[in-house]
Amino acid sequence: TRHLLGIKDISENDIQLIFETADNFKDVLNRPIKKVPSLRDITIANIFFENSTRTRLSFELAEKRLSADVINFSSSNSSVKKGETLIDTVNNILSMKVDMVVMRHASPGAPHFLSKNIQANVVNAGDGTHEHPTQALLDAFSIREKLGDVAGKKVAIIGDILHSRVALSNIFCLQKLGAEVMVCGPITLLPKHIDSLGVKVEYDVQKALEWCDVANVLRIQLERQQIKYFPSLREYSLYFGINKKMLDRLGKKIVIMHPGPINRGVEMNSDVADGEHSIILQQVENGVAIRMAVLYLLAGAK
Ligand code: CP
């Protein structure tokens, strides 16, 4: 059984195959009839132990566009609240003849653990601070669409790198595709092992913007902070928040990305989020085609 657990485990060829498959599905999604019969014999369970808007709806829509049968599970109103374990929960769902599981969980490694203990394809929809592979794929696909290629491009990932699964999956994905990667944020929000990841490190956000072709801006993940980190949101926005004046000063156009949800006025102002440089909503649009491609390729291997 094949899985998509993280970008670390897949090759550049795998990523290129996902992109070529997503190109075809993007064409389909631009037609009046957006549905194809590819997964009509497949049943998929979306199992979410953590909140989500984009990822959950995007997977559900991708599954429906592929004609799969879909069930949705949210831990907050389930028998997990009565003490049922992850494996028992998923095996009960699978006994209803479910073929694939898309899972989001707050614990890093939860989908890897699940994949070793159940008989179904597992797709990681975000595991704590670890990886968010489909987000990195849709981000790199969006850069490729906007700039023609990812290879040779300079991408700055700006914000809370320490708590971000988006940052780690993006670093792996962009490096496999031949991009140069910089991380920028307060030193307190960078992981201690940052030097082992082969990225440039910058603490001055204006210098990061000057260096890059693409700025992928991340949210401060207060929900993952066990202790109160420096800086506060107000301090963060003062020293690292991006506004239009900073972009106007560059004398070049850079692409602005954000995985969402945005904290407007903290990591970026509305004049940046909604400005001419932003491809934030194109990222969301591309998420459906990318997730169709991932599900199609995993199901095809059965
Ligand atoms: N980008 C992302 O994962 O958003 P959600 O948490 O809303 O799914």
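Where is the place of Ser-67? Ser-67 sits in the loop between α2 (54-65) and β2 (69-74), with helices (H or I, at least four residues) and strands (E, at least two) taken as DSSP runs and numbered from the N terminus. The model here is a predicted one, in which local features need pLDDT of at least 70 and side-chain atom pairs count only at pLDDT 80 or more, while totals for chains, interfaces and linings use all residues. Residue numbers start from 1 along each chain as its sequence is written.

Ser-67 counts as partly exposed because it has 14 C-beta neighbours inside 10 Å. Here a residue is buried if 20 or more other C-beta atoms lie within 10 Å of its own, exposed if 12 or fewer, and partly exposed in between, with C-beta atoms placed from the backbone. Lys-97 also has a positive phi, about 65°, although it is not a glycine. It lies in the loop between α3 (86-94) and β3 (100-105). With 8 C-beta neighbours inside 10 Å, Lys-97 counts as exposed. Another backbone feature turns up at Gly-260 and Pro-261, which are joined by a cis peptide bond with omega at about -5°. Pro-261 belongs to the loop between β9 and α10 (270-273).

Now for the sheets. Four strands make an open sheet in the order β2-β1-β3-β4, and the pairing is parallel; two strands pair if DSSP finds at least two bridges between them. At the edges are β2 and β4 (121-127), each of which pairs on one side only. On average, neighbouring strands of this sheet are turned by 15° against each other, direction ignored. Inside the sheet, β3 and β4 run parallel and are joined by five bridges. Met-100 stands opposite Asn-121 in β4.

Five strands form another open sheet, this time in the order β7-β6-β5-β8-β9, again with parallel pairing. Its edge strands are β7 (200-202) and β9 (255-257), and each pairs on one side only. From one strand to the next, the twist averages 20°. Strand β5 (residues 154-158) has four of its five residues buried, so it is largely enclosed by the rest of the structure. β5 pairs with strand β6 (residues 180-184) in the parallel sense, over five bridges, and Ile-158 stands opposite Cys-184 in β6. Strand β8 (residues 214-217) pairs with β9, also in the parallel sense, over three bridges. There, Val-214 has Val-255 in β9 as its bridge partner.

How do the helices pack? Helix α1 (residues 12-29) packs against helix α11 (residues 280-300) at an angle of about 120°, with their axes 8 Å apart. Axes are lines fitted to C-alpha atoms, for helices over the stretch in contact, and angles run from 0 to 180 degrees between N-to-C directions. That makes α1 oblique to α11, since angles under 35 degrees count as roughly parallel, over 145 as roughly antiparallel, 65 to 115 as roughly perpendicular and the rest as oblique. The residues of α1 that meet α11 include Leu-17, Phe-25 and Leu-29, and their partners in α11 include Val-288, Met-292 and Leu-297; residues are in contact if their C-beta atoms, placed from the backbone, lie within 7 Å. By class, this contact of α1 with α11 has 13 nonpolar, one polar and one charged residues. Ala, Val, Leu, Ile, Met, Phe, Trp, Tyr, Cys and Pro count as nonpolar, Asp, Glu, Lys and Arg as charged, and the others, Gly among them, as polar.

α1 also packs with helix α5 (residues 133-147), at an angle of about 70° and with their axes 11 Å apart. α1 and α5 are therefore roughly perpendicular to each other. In this contact, Ile-15, Ile-18, Phe-19 and Ala-22 in α1 meet Leu-137, Phe-141 and Arg-144 in α5. The contact of α1 with α5 divides into six nonpolar residues, no polar and one charged.

Finally, helix α3 holds Thr-89. Thr-89 is partly exposed, with 18 other C-beta atoms within 10 Å. Not counting residues up to four places away in sequence, Thr-89 touches Val-80 and Glu-84. Thr-89 and Ser-79 are ten residues apart in sequence, and 8.1 Å apart in space from C-alpha to C-alpha.

Notes: Contact = placed C-beta atoms within 7 Å.
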